Amino acid sequence: LSSSSGLTHESHRKDVEQVYLRCSEGSIEWMYPTGALIVNLRPNISPASYKHLTVCIKPFKDSAGANIYLEKTGELKLLVRDGDRSPSRVYCFGYDQGGLFVEATPQQDISRKITGFQYELMSKGVAADLHTASAPCRPCSDTEVLLAVCTSDFVIRGSIQNVTNEAEEQESIIHVGVNKLYRQKSKVFQLTGESGNWRGQIKTLLECGVKPGDGDFLFTGRMHFGEARLGCAPRFKDFQRMYKEAKDKGLNPCEIGPD
């Protein structure tokens, strides 16, 4: 978390401050914004790898007081307009497309304004998986499922307990009862209450039309801004079949107990 205050620059409303961030994910919070911030993302990787990175930002719901631009060689491209209330909107761009320039907008009362956003740096391949514009609800092939088992942030066997739709955010929340936890990067799936059952939530696009149904599924996916996002999710019996077939041929990319 990087935090800054514009009150220290009150007498210099046109000041531009540089901020350098080394983490691959985090957040910026700018209280009482005046002037501008240049946000330099400098992850601890080889500069030669920068061209393979995608940057995504997600403004806080109550973020206000500044416009956020993509800046490259002095040219500004507006990313997020001050006051834009698009819920849960995520803005992504290639690392080599420029840096972030956050400019305060004129305010009568700056004390009420805080500009902030979360950011994530990821490989372009992962970003494409999360933000696929073409056929986002397309079922995965056998090869894609077996690869997802090896590379996903979470892999669980579970059932759909309920689905709630958020029309404003164009998303569905899948409430999952977990029968077996193979892997999770973050503690999204946890033991709950007296029942001692593992449960968690996975988000996906509303247009995919997920509905509650019987039987077990293999849920895989990525963590994105602290939320589990659905990747491949075949019925578990189908996963068992494709896993056994690949294993018999020596073609499964990694070992995981399918039972």
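This is a predicted model: local features need pLDDT of at least 70, side-chain atom pairs count only at pLDDT 80 or more; totals for chains, interfaces and linings use all residues.
Residues are numbered from 1 along each chain as its sequence is written. Local features need pLDDT of at least 70, side-chain atom pairs count only at pLDDT 80 or more, and totals for chains, interfaces and linings use all residues, while side-chain values use heavy atoms, with hydrogens and water left out.

Start by selecting Glu 25, Glu 120, Asp 153, Lys 185 and Met 223, which of the 19 lining residues are the closest to the centre of the second largest pocket. About 320 Å³ of space lies in this pocket (on a 1 Å grid over the protein atoms alone, an open set of points where a 1.4 Å probe fits, with protein on both sides within 12 Å along at least five of seven lines; lining residues have an atom within 4 Å of a point; the volume is the space filled by probe spheres set on the points).

Next, colour strand 3 (25-31), strand 10 (114-123), helix 1 (124-130) and strand 15 (217-224), the elements that give two or more residues to the lining. Strand 10 gives the most, with six residues. Now colour by domain: the pocket lies between domain 1 (16-128) and domain 2 (133-249), because both give residues to its lining.

**Stop two: the helix pair**

Move to helix 2 (residues 142-151) and helix 3 (residues 236-248), whose axes come within 10 Å and cross at roughly 90°. The two helices are therefore roughly perpendicular to each other (65 to 115 degrees). Show Asp 142, Val 145, Leu 146 and Val 149 of helix 2 with Phe 239, Arg 241, Met 242, Tyr 243 and Ala 246 of helix 3: these make the contact (heavy atoms within 4.5 Å).

Conventions:
Helices (H or I, at least four residues) and strands (E, at least two) are DSSP runs, numbered from the N terminus. Domain bounds come from an automatic or database domain assignment. Axes are lines fitted to C-alpha atoms, for helices over the stretch in contact, and angles run from 0 to 180 degrees between N-to-C directions. Angles under 35 degrees count as roughly parallel, over 145 as roughly antiparallel, 65 to 115 as roughly perpendicular and the rest as oblique.
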